Amino acid sequence: MAPFERRRTVPFPVIQLLPFLLRRALAPLLLLWAALAHGAAPPPIAMHHTAWTARDGVPPFVIALAQTEDGWLWLASSVGLYRFDGMRFERYVPPDGPLPSINATALRTAPDNGLWVGYRFGGISLLRKGRTVRHYGTADGLPAVTVWDVLQDGTGTAWAATGMGLYRLRGERWEAPSDAWAAPKGNTTGMVADRLGTLWVQTTDATYKLPHGAQRFEKLPGDLGRGQPVMGPDGSVWAGDQKRMRVVMLKPPDGQQAIRHLPVAIPNSFMGEIARDGSFWLSSREGIARMRADGSRTELSGRGQGLSGGVVITTLQDREGNMWISTTGGIDRFRPNKLGQASLPVYLGEARAIAPGENGAVHVDRYTLPAGATEAVGVPPGPALPEDRNLTTLYRDPTGVLWGAGLHELWRMEDGKRVDVPRPPDADGATVYAMTTDRSGALWVAFRKIGLQRLADGAWQQPALAFGMQPPGVVALHADGEGRIWFGHSNNRLSLLEQGKLRSWGAADGLQLGAVRQIVVNGQQVLAGGSGGIAGLVAGRIVPILGTGGEDFVGTTGMQLLPNGQLWLNSGMGIFAIPAAELRRALANPSHRVAFERFDHQDGLHGGAPQMAAVPSLVRASDGKLWFTTTEGVFWIDPARIARNPLPPPVEVLSLEVNGRKWLPQNGLALPARADNLRIDYTALSLTMPDRAQFRYRLLGIDEDWQPAGVRRTAFYNHLPPGQYRFQLTAANSDGLWNEHGTELAFSVAPTLTQSTWFRVLAAGVAALALFLLYRLRLRRMAGRIRHRLEERLAERERIARELHDTLLQSVHGLILCFQAVAMRMPPQEPAREAMESALQRADEVLVEGRDRVRDLRSAAGDAPALAENLCALAESLAPDGSPAFRVEVEGTPQALHPLVAEEVFAIAREAMVNAVRHAGARDVEVSITYDSGCFRLQVRDNGMGIERAVLDAGGRSGHWGLAGMQERADKIHARLHLRTRGGEGTEWLLTLPAALAYLPQPRRPRWRFWQDGDDNTEQAA
């Protein structure tokens, strides 16, 4: 079919799409033309790039970006206002009510953590600290058209750029400036206020400025087209001139006068942002471009480089220096890498060989990178080699000679020229694993096929070393400053050749490195790395070195000890830096796990350390930079100038969830009772590497110390008791810089009915009452039992009294009568009668004494002796002359004591009074009797010499039983007897006895049976 016929068959809808397709086809051609005009296609932006799209939660068509003082990144989209903490996108609805529209088009920060929000169909909102301050609409003077920008100038006046021109806020109303202001009309696309307070405005057809304090706009000459004026870090103001493919300076830097412009290599580009380093960020239909401040280099990243969308909408640089891009498909972040990458041609092997050069240069495979360069410049080391003839090893000996080896060649550099060195027989095609030179200048080479070889005086020889294996399997070599040569083997062995003697370490010595690929010696410090990790050799023993969190540094093929003792590793899991102090602790204590800093893909690293060739994979240049070769390229870092994030991350509590119900965090929040499952969500607003932020928290009232949470952004607590709590939170950024202030949230948990204070007081009172009643019940039962035993003893005494009265006394009385009858029959003058009458007189006295004893045994309640009177009578008998002075006092209402109690109490008091007179030499003796409703107390005090400690320890004086007898009497009636005495300070006896045991029962019985005695028989007996 002819071409013409094919064109005729094009359907009508496709014909309509031809202009669009033509534009899409011409755009890449224009881009290619611009790139060729500048010499080469723009490389991608050399920064770490992360893209988020709809699958990550990005709202569609993000048209504006802003970052408030608290660190939140805000997104204005066609479906609402969103905020982003670096990890999660959240649609934001103020807690005091929804926004008037979900179609936001403008965002601009305001003082005091404020945020202006403009809407597509008119209206402006002012939020402050997440809450609505004011909504403005047509009733407040705004037109019902799109708001493109809102900002406050140097005077504090708020201006709004709308589709119908500028509006300013006066009081509580917006109004268009009068004609005297000569303000721009029509569609106003962007504004910026410089450091001097001048307001710069750009419309679709002109650019204007309003000097600080002026009331009339000045129109600038020329037509820049639609765009956004931006201010640079030096105070200059720029705008994009899309028609002429350039950026134009509207205002020179502070203190300068020169006005200039720079050509732009990317067509159809708009001014986006001027970064803090002075570079220009330009948005275009082909992606985002970064142009150096002097315009000498432009980088471009589009869809082919992972940009989230095809067309860039807006840009923003956050407070940490990250550049944020919104596109038609999502948002992107560009941030500086800690690692730099060398720009080199494509390499077909596992990894390039590297070696340090002179003056900070580094040799990479067949190229040389001078100090400060990141692109392959200069000449290759020697004549060019075919692309398939890769170098496997580069080595710079102590004299500065560079040696190179591949599968088929071995050479050295002399006076900038490559000199080929013949290889040993059968070495063609053999990989060179490692090279080193000894003190004599001989070259040692570890070949893959033929093993270890030594080149001395132009001749090769195989060293006669008994490694205990054939072939030797040497894959690492190192000659230290003491003339020793170290060998690393492929089968987990480390060997040392010193003064002709060979020594080896293996698995039996604790070596677990697998293939030993790297050896570093610094004085007495020996370190080795391999496929199994790293280890040290200390005093002849192997010490494995492990990191915190279970890190084992596997696949280490590059090691460097810096002058400050810091150890750097190039491993299969990334690049590691171990502080000198941590390394020393690990070598001294094998159980210590070293802290470290890790550099991986988030820091600009790609690939991992090579495991087969290109060893060492880490070298240190003479300017201090470290160079790493990986399976994806060559990277470098300057340990003395690592880019750090100097801003501690703000932290914020996002929500509290109690038993599945969410609560907005605010101080004084009162949570419901039964907080069985409390979840606290929080975040750190560090947008550089948010997934590396570290958290710690504590809940005052529960946690005694800070709880490390790692990267987790949720705290959990179970079964919180009621009370007041304070949740304290802090975080560190990706470089370990902690926010020392953090944040704090105070809240309370309400008690349940059973957890309330009044309920607990009531329960405690009930429990105390129950315990008291149980105690009283127990006491009464015990008293009943004791009284029962006392009554039994009293009944026994009465029985004995009856028996004595009815038998012995009656019989004695009968005998007396019989003897009296006999005596009466005798004559009065009979001597026997006088003797008998004398005996009868004595018998009558005995009978009277016996009757008195029987009377005492039968004493009843009413017969109990009056204790106070008896003690007074005793005092008079002990001190008839008034020395010592006795005083007997009675407190309370006297009550009848149980006879046995009264008897024992009197005996104890008598012994105490007698001791005060006879042994203590007291001048005053005081006896106190207290009749209390709860207990009976007897106290005897004197001011004598007291009782010696030796006498107390012995339980009394030798041959005297007074003290022991007093205690025995007290124990008999279940009383407590306390003695307080000190030599020269007198003696005090205190006897206490519960009322239930001391007093005779009262005739009136309690009304409640609960209060009755535990033994009814005892009551009746009493």
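Predicted model: local features only at pLDDT ≥ 70, side-chain atom pairs only at ≥ 80, totals over all residues.

Reader: What makes Asp-681 buried or exposed?

Author: The relative accessibility of Asp-681 is 10%. Because buried means under 20%, Asp-681 is counted as buried.

Reader: What joins the side chains of Asp-681 and Arg-679?

Author: A polar contact of 3.0 Å links these two side chains. The cut-off for such a pair of N or O atoms is 3.5 Å, and the value of 3.0 Å for Asp-681 and Arg-679 lies within it.

Reader: Which class does Cys-872 fall into, and which does Cys-935 fall into?

Author: Cys-872 has a relative accessible area of 33% and is partly exposed, whereas Cys-935, at 18%, counts as buried. The limits are under 20% for buried and over 50% for exposed, with partly exposed in between.

Reader: How many disulfides does the rule give?

Author: The count is zero. A disulfide would require a pair of cysteine sulfur atoms within 2.5 Å.

Reader: What is remarked upon in the phi of Phe-553, and where is Phe-553 found?

Author: Phi of Phe-553 is near 55°, which is a positive value in a residue other than glycine. Phe-553 sits in the loop between β48 (541–547) and β49 (558–561). Its relative accessible area is 0%, and Phe-553 is therefore buried.

Reader: Which class of accessibility does Asn-659 have, and at what value?

Author: Asn-659 is partly exposed, at 42% relative accessibility; that value falls between the limits of 20% and 50%. Asn-659, too, is a residue other than glycine with a positive phi, here near 50°. Its place is the loop that runs between β57 (651–658) and β58 (661–663).

Reader: Why are the buried residues of α9 said to line one face of the helix?

Author: Helix α9 (residues 962–972) has Gly-962, Leu-963, Met-966 and Ala-970 as its buried residues. Viewed down the axis of α9, these buried residues lie within an arc of 105°, so they line one face of the helix. Just after α9, His-974 has a positive phi of about 60°.

Reader: Why is one side of β6 and of β9 left without a neighbour in the sheet?

Author: These strands belong to an open sheet of four strands, ordered β6-β7-β8-β9 and paired antiparallel. β6 (104–110) and β9 (131–136) are at the edges, and each has a single partner strand, so one side of each has no neighbour in the sheet. From one strand to the next, the twist averages 20°.

Reader: How do you know that β6 and β7 are paired, that is, how many bridges join them?

Author: Six bridges join β6 to β7 (residues 114–119), and the two run antiparallel. Leu-107 has Val-117, in β7, as its bridge partner.

Reader: What makes β10 and β13 edge strands?

Author: The sheet concerned is open, has four strands in the order β10-β11-β12-β13, and is paired antiparallel. β10 (147–152) and β13 (173–175) each pair on one side only, and this makes them the edge strands. Neighbouring strands here are turned by 25° against each other on average, direction ignored. Three bridges hold the antiparallel pair of β12 (residues 165–170) and β13, and Arg-168 has Glu-175, in β13, as its bridge partner.

Reader: What do β34 and β35 form, and how many residues lie between them?

Author: They form a hairpin, with three residues between the strands. β34 (residues 402–406) and β35 (residues 410–414) pair antiparallel over three bridges; Trp-403 stands opposite Arg-412 of β35. Arg-412 also has Val-419, in β36, as a bridge partner, and four bridges join β35 to the antiparallel β36 (residues 417–420). The hairpin of β35 and β36 has two residues between the strands, and Asp-415 in this hairpin takes a positive phi near 55°.

Key: Residues numbered from 1 in each chain as written. Heavy atoms only, no water. Buried < 20%, exposed > 50% of the residue type's maximum accessible area, 1.4 Å probe, protein only. Polar contact = N/O pair within 3.5 Å; in protein donor to acceptor, adjacent residues only side chain to side chain. Pairing = 2+ DSSP bridges. Axes fitted to C-alpha atoms, helices over the stretch in contact; angles between N-to-C directions. Arc of directions from axis to C-beta.
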